[in-house]
Amino acid sequence: MQTKVKEMRERAGLTQKQLADALGITQQSVYYYESGDRDIKSSTLIDMSRILGCTVTELLGLGTANIIQLHACKSYHVPVFGRIAAGTPREALCQSDTMHDTPASIYEGRRNAFWLTVSGNSMNRLFPDGSLVLIDPDEEVRNGDVAVVFVNGDDATLKRIYHEGDSIRLHPESYDPEYRDRVIDSTDPDAPEVRVIGKAVSYTAPEGWRA
């Protein structure tokens, strides 16, 4: 998985060795993390984000999205939709009666955004089970972005999306090797319909979560 560890390290003005020493690991491990040749444990990501002064989502390459913290600032009540499968697609999105207080810095400019509750472990490198993920249906979903898609109209799932010619590849970001890529070829007359709903732009981990 490609990360932005190198970019965040250089932004913080640290060498690979300095970051390695701060984390209590080898410089070679930092090199592997930056090159994408080795997965980063969740606990290491959290320590790294603290040392580099950035968010876990930035380290994982999800743009400038931030894990939501409690601040004394203007916020909005944003709807939370039903649980979204981070595994095999299984259910359509259903709006619940729940609202989530969302900082203005995240919500302004995304007035059609909504939260989804993650269910399952196929995206647990990014989002632990029970996380809330903010979905913006108006933001362009580019190759490699994490997005919600409908498969067969009624099934919804959260995956990293790759467009490869006439095919779309749904890629899980999981520590569990049982989850594999699913490739859907639009030229196959029996292929299910795939419709991209919106891009994941931020998330908040469940209360009390710690890797």
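This is a predicted model: local features need pLDDT of at least 70, side-chain atom pairs count only at pLDDT 80 or more; totals for chains, interfaces and linings use all residues.

Residues are numbered from 1 along each chain as its sequence is written, and side-chain values use heavy atoms, leaving out hydrogens and water.

**Overall make-up**
- The protein has six helices and nine strands (DSSP runs numbered from the N terminus: H or I of at least four residues for helices, E of at least two for strands).
- Of its 211 residues, 46% are buried (under 20% relative accessible area with a 1.4 Å probe, protein chains only; exposed is over 50%, partly exposed in between).

**Strands**
- Strand E5 (residues 146-151) pairs antiparallel with strand E6 (residues 155-164) over six bridges (pairing takes at least two DSSP bridges).
- E6 also runs antiparallel to strand E7 (residues 167-171), joined by five bridges.
- E6 and E7 make a hairpin with two residues between them, and Gly165 in the turn has a positive phi of about 65°.

**Salt bridges**
- There are twelve salt bridges (a side-chain nitrogen of Lys or Arg within 4 Å of a carboxyl oxygen of Asp or Glu).
- Arg9 and Glu34 form one of them (2.4 Å, N to O); Arg9 sits in helix H1 (residues 5-12) and Glu34 in helix H3 (residues 27-35), 25 residues apart.
- Both Arg9 and Glu34 are buried.
- Lys17 and Asp21 form another (3.0 Å, N to O); Asp21 is exposed, while Lys17 is partly exposed.
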